[in-house]
Amino acid sequence: MPLLSVDNLSIGYQTRKGFLNSVEGVSFSVEQGKSLGFVGESGCGKTTIGMALMRLLPDNASIKNGRILFNGTDLLKISEEEMRRIRWKKIAMIFQAAMNALNPVHRVGEQIMEAILTHDPAISRASATNQVENLFQMVGIPKDRMRDFPHNYSGGMKQRAIIAMALACNPALLIADEPTTALDVIVQSQILNAIKELRKAFGISLIFISHDIAVVADVCDDINIMFAGQVIESGKREEVFTSPVHPYTKELLGSYLTLDEKTAPDLPYSGETVNLIHPPSGCRFSERCPVADSTCRQTQPEWVEISPTHKVHCNVGLDVDETEAIK
């Protein structure tokens, strides 16, 4: 049994303009000790999935359909008190924008200690302090900075502190939502290396959310590509990164910069962001897709299996050789 199994999850938000279908029919699983990345542009539903796994969606959100099984328990059917015992202890999250994730009026060490004492009331304060010191050492923050306030930390140190907080209760699953946002490339590399090393040391399963497919390919075993609330391609890192099938995946891979003029990125496909209050009846990428036909604009595509571990939510975008291989 996978550590986490999500089946046909659909989530929406009630807005002034109508009901916004943020996530539609998303299914995936994460094995113990494995990592899964979600990649897509802003507003595609990545963070909504992460917040749903933590049961931290805002009041105007509602889960229309689906199951979230964690160690066989449906997280959508348990009480809030039961979820509180799972949250942080078994599933932890590195929230987006570390600058705002720490309480500005409490010392950083105290905030991490609070999580430990809340989930393990029997532990002494001295032992909790020692745990925080060890966490600081693991993420590369001097332990004498425990009594500092968040404003005394640089952006990279705040992000490291958030990682330490997420690991405080030894969770089985860690959700990292854009953990390198607003960091320079040197600090970004350090944070990514720290996440990889700590995941290996603790044997933690990881869900990594990012706009950058290259970063996800560096961190994750498997990749889900999202567009307009749907997963449109899923597979092993090597399959998605080196043999992309969906036109949108190819667009993502062709969009990052290179120093080689011969492999300079193409301009993104033209088109507007999909209206998720009134989503199209056909493929949601059809208006931006260079190979879409009339069928694409009228009916939803089926999932097509490229290999036992690689599938795509597209029919027209397949090459002739790939189509023959599927048959």
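Helices (H or I, at least four residues) and strands (E, at least two) are DSSP runs, numbered from the N terminus. Two strands pair if DSSP finds at least two bridges between them. With that in hand, hello everyone, and let's start with a hairpin: two residues join E11 to E12. These strands, E11 and E12, are antiparallel and share three bridges. Within the pair, Glu-305 has Lys-311 in E12 as its bridge partner.

A quick word on where this comes from. What you see is a predicted model, in which local features need pLDDT of at least 70 and side-chain atom pairs count only at pLDDT 80 or more, while totals for chains, interfaces and linings use all residues. Residues are numbered from 1 along each chain as its sequence is written, and side-chain values use heavy atoms, with hydrogens and water left out.

Now to the sheet. Four strands make up an open sheet, ordered E2-E1-E4-E5, with antiparallel pairing. Strand E2 (18-30) and strand E5 (73-74) are at the edges with a single partner strand each, so one side of each has no neighbour in the sheet. Inside that order, strand E1 (residues 4-15) and strand E4 (residues 61-70) run antiparallel and are joined by eight bridges. If you want a spot to look at, find Tyr-13, which stands opposite Ala-61 in E4.

What lies across E1, E2 and E4? That is helix H1 (residues 46-53), which runs at about 70° to E2. Contact here means heavy atoms within 4.5 Å, and the axes are lines fitted to C-alpha atoms, for helices over the stretch in contact, with angles from 0 to 180 degrees between N-to-C directions.

Next, salt bridges, meaning a side-chain nitrogen of Lys or Arg within 4 Å of a carboxyl oxygen of Asp or Glu. Searching the whole structure gives 14 salt bridges. One of them is between Glu-24 and Lys-64, whose closest N and O atoms are 3.3 Å apart. This pair links distant parts of the chain, with Glu-24 in strand E2 and Lys-64 in strand E4, 40 residues apart.

On a 1 Å grid over the protein atoms alone, a cavity is a set of points where a 1.4 Å probe fits but cannot get out; a pocket is an open set with protein on both sides within 12 Å along at least five of seven lines, and lining residues have an atom within 4 Å of a point. Grid points are joined across faces, edges and corners, and a volume is the space filled by probe spheres set on the points.

The largest pocket has a volume of about 590 Å³. Of its 27 lining residues, Phe-28, Ser-29, Asn-224, Ser-234 and Lys-311 lie nearest the centre. E2 comes back here, giving the largest share of that lining, seven residues.

The second largest pocket holds about 450 Å³ of space. It has 16 lining residues, with Arg-87, Trp-88, Ala-115, Thr-118 and His-119 nearest its centre. Helix H2 (80-86) and helix H4 (108-119) are the elements giving two or more residues to this lining, and H4 gives the most, five residues.
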